[in-house]
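Trainee: I have a model open and would like to learn how to read its features. Where do we begin?

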Amino acid sequence: MSALPWPPLRDALVGEEPYGAPQIDVPVQLNTNENPYGPSAAAAADIAEAVRGAALTLNRYPDREAHALRADLATYLNADGGQQLSEANVWAANGSNEVMLQLLQAFGGPGRVALSFAPTYSMYPEYARDSLTEWVVGHRESDFSLDLEAARRKVLEVQPAVVLLPSPNNPTGTALPPEAVAMLCEAAGNGIVVIDEAYGEFRREGVPSALEVLPRYRNLVVTRTMSKAFALAGARLGYLAAHPDVVDAVRVVRLPYHLSAVTQAAARAALRHAPELLGKVAELRAERDDTVAWLRAQGLEVADSDANFVLFGTFADRHAVWQQVLERGVLIRETGPDGWLRVSIGTPEEMTAFKSALVAVVEENR
Ligand SMILES: *Cc1c(COP(=O)(O)O)cnc(C)c1O
């Protein structure tokens with residue numbers, strides 16, 4: 001007889017469920033903030049051709065440091081707020097989720113704290129748990145903005161090794177002003193401040209990227225992904241921009257050959273099609289703004305959004321609303337503070353389906 005339970009999980013994992021939104025096969029899927037527009041036949045053909053080339057070399061391990069891809073990503077970022085970034089400033093992995101886990105593995109750990117401000121991305125506490133880092137959350141205001149003075153006090157009190165903040169925020173869509181990024185970097189001292197710009201490309205006109213202040217703060221890390229605006233969620237490619245010392249630190253914890261030759265080839269080919277893959281972003285932003293206005297016109301509370309989703313509410317029984325909208329063939333997300341629901345921005349047809357389902361459900365529950 002063993003003293004260990006079965007399976008012999010460490011205490012922090014007992015009873016935990018694997019993370020993930022329900023993957024339900026319904027006609028209209030507006031729950032994981034994907035770009036509803038897939039790559040064109042021409043882009044798909046180029047990606048396939050690049051993968052075919054990589055396939056001929058699959059007896060060999062891939063480039064462990066993904067040199068060419070990181071240089072391409074730096075070039076891409078320099079066209080969207082990056083200040084003369086080069087390969088040494090960029091790191092890439094299998095989705096920005098892996099990038100952020102690597103950041104916690106490098107800079108978190110026992111005796112160290114990771115800090116965020118709720119409501120925030122629900123994966124962050126999992127990175128903390130999995131890297132044995134203590135997890136602390138402050139809070140946002142009722143309009144989901146950050147009170148800079150309160151946040152500064154929290155950082156000084158907690159002395160986090162890592163601050164994790166999405167901008168635009170998931171699930172609320174709220175972007176951080178540049179003063180907030182500067183304040184966090186200054187208050188954190190040598191602590192790492194991660195600004196997760198998974199939805200950066202969707203920000204409204206005049207909202208700057210944290211990339212613009214990157215040269216001022218060696219403790220600032222900006223993460224991005226090809227999963228959202230870039231319409232490449234299936235390829236699994238996320239990346240960060242930071243001081244080269246931060247990149248070198250992350251290289252210590254990455255697994256050898258973590259990024260397959262197939263992934264690197266696909267991502268580089270996709271980057272050559274960046275203008276096309278990002279071609280629907282303007283349309284999605286306009287549809288987002290229309291959706292915000294429409295939801296408000298229904299008398300609902302709606303958070304301002306700089307992302308490709310909208311958080312709205314509030315419902316006494318949000319699970320019932322989610323379920324009844326689902327029964328009408330539209331999958332949205334039950335997330336965020338109690339009473340709120342989140343809808344990703346889809347095609348105009350998908351948004352029409354969402355609106356009629358929501359109107360019907362609200363009618364029924366009146
Ligand atoms: C979707 C999302 C990501 C991206 O995850 P990938 O692993 O790059 O697909 C990162 N952060 C937030 C807040 C997200 O919502």
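Mentor: Begin with pockets. On a 1 Å grid over the protein atoms alone, a pocket is an open set of points where a 1.4 Å probe fits, with protein on both sides within 12 Å along at least five of seven lines. A molecule sits in a pocket if more than half of its atoms lie within 2 Å of its grid points. Here, the space taken by the ligand is the largest pocket. Two cautions. This is a predicted model: local features need pLDDT of at least 70, side-chain atom pairs count only at pLDDT 80 or more, and totals for chains, interfaces and linings use all residues. Residues are numbered from 1 along each chain as its sequence is written, and side-chain values use heavy atoms, without hydrogens and water.

Trainee: How much space lies in the largest pocket?

Mentor: A volume is the space filled by probe spheres set on the grid points, which are joined across faces, edges and corners. For the largest pocket that comes to about 750 Å³. Its lining (residues with an atom within 4 Å of a point) counts 37 residues, and Tyr19, Thr32, Tyr121, Lys228 and Arg333 are the closest to its centre.

Trainee: Which residues are closest to the ligand?

Mentor: Near means that a heavy atom of the residue lies within 4 Å of the molecule. The shell holds 13 residues, with Ser96, Asp196, Tyr199, Thr225 and Lys228 the closest. Helix 3 (residues 95-107) gives the most to this shell, four residues. Helices are DSSP runs of H or I, at least four residues, and strands are runs of E, at least two, numbered from the N terminus.

Trainee: Which side chain has an N or O atom 2.6 Å from a nitrogen atom of the ligand?

Mentor: Look for polar contacts, pairs of N or O atoms within 3.5 Å. The side chain of Asp196 makes that one. Thr225 places a polar side-chain atom 2.6 Å from a ligand oxygen. For Lys228, the side-chain N or O atom is 3.4 Å from an oxygen of the ligand. The protein buries 94% of the 390 Å² that the ligand exposes when taken alone (Shrake-Rupley method, 1.4 Å probe).

Definitions and conventions:
Polar contact = N/O pair within 3.5 Å; in protein donor to acceptor, adjacent residues only side chain to side chain.
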